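Here's a quick briefing to read alongside the model. Take a look at the structure, then work through the points below.

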Amino acid sequence: MISFTVYGEPKALKRHRTVRCGQFNREYDPSAPDKSDFLAKCQAHRPALPLTGPLKLEIIATFGRPKNHYRSGKNAGRLKEHAPNWHTSRPDQSNIEKFVEDALNGIFFKDDSQIAHAEVLKLYGNTPCVGITIKELELPLCTLDTN
């Protein structure tokens with residue numbers, strides 16, 4: 001099992017773009033610099049060799065709270081009673097998952113197609129970060145053939 005935290009606001013994968021350069025089309029990845037920075041922060045936790053079996057990926061994306069979640073005046077710095085704990089706006093959890101998978105692909109695991117199960121939680125907290133846990137999966141007992 002590999003488990004670590006990357007501090008900073010969670011990022012979502014941006015779609016590849018195509019631009020016209022004269023007679024040619026050129027594709028580029030607008031997330032490439034963000035993925036590179038993210039991977040650099042993860043390098044200390046990388047395995048000696050990329051994992052090769054089926055994997056479970058757990059991601060906890062903690063977003064910093066906006067100012068309107070806090071009270072003002074003499075109670076400044078205290079949360080309002082109705083301030084949400086769950087982050088239910090953009091970026092989508094699937095784009096956060098894909099960003100992490102793409103950034104770690106080939107370094108932590110051989111290919112992101114190995115991820116057989118993934119869980120992503122989006123919530124608010126005081127310190128923006130992304131918690132990542134990668135576990136190797138074993139076959140559940142309920143799926144074993146008993147014949």
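Let's start with lysine 56, which is buried at a relative accessible area of 16%, because buried means under 20%, exposed means over 50% and partly exposed is in between (1.4 Å probe, protein chains only). This is a predicted model, where local features need pLDDT of at least 70, side-chain atom pairs count only at pLDDT 80 or more, and totals for chains, interfaces and linings use all residues. Residues are numbered from 1 along each chain as its sequence is written, and side-chain values use heavy atoms, leaving out hydrogens and water.

**Around lysine 56**
- You'll find lysine 56 in strand β4; strands are DSSP runs of E (at least two residues) and helices are runs of H or I (at least four), numbered from the N terminus.
- Setting aside neighbours within four places in sequence, lysine 56 is in contact with several residues, including His117, Glu119 and Thr133; contact means heavy atoms within 4.5 Å.

**Elsewhere in strand β4**
- Isoleucine 60 sits in strand β4, which covers residues 55–64.
- With a relative accessible area of 40%, isoleucine 60 is partly exposed.

**Alanine 103**
- Alanine 103 belongs to helix α2, residues 93–104.
- Its relative accessibility is 6%, so alanine 103 counts as buried.
- Not counting residues up to four places away in sequence, alanine 103 touches Lys35, Phe38 and Leu39.
- From alanine 103 to valine 130 is 27 residues in sequence and 13 Å in space, C-alpha to C-alpha.
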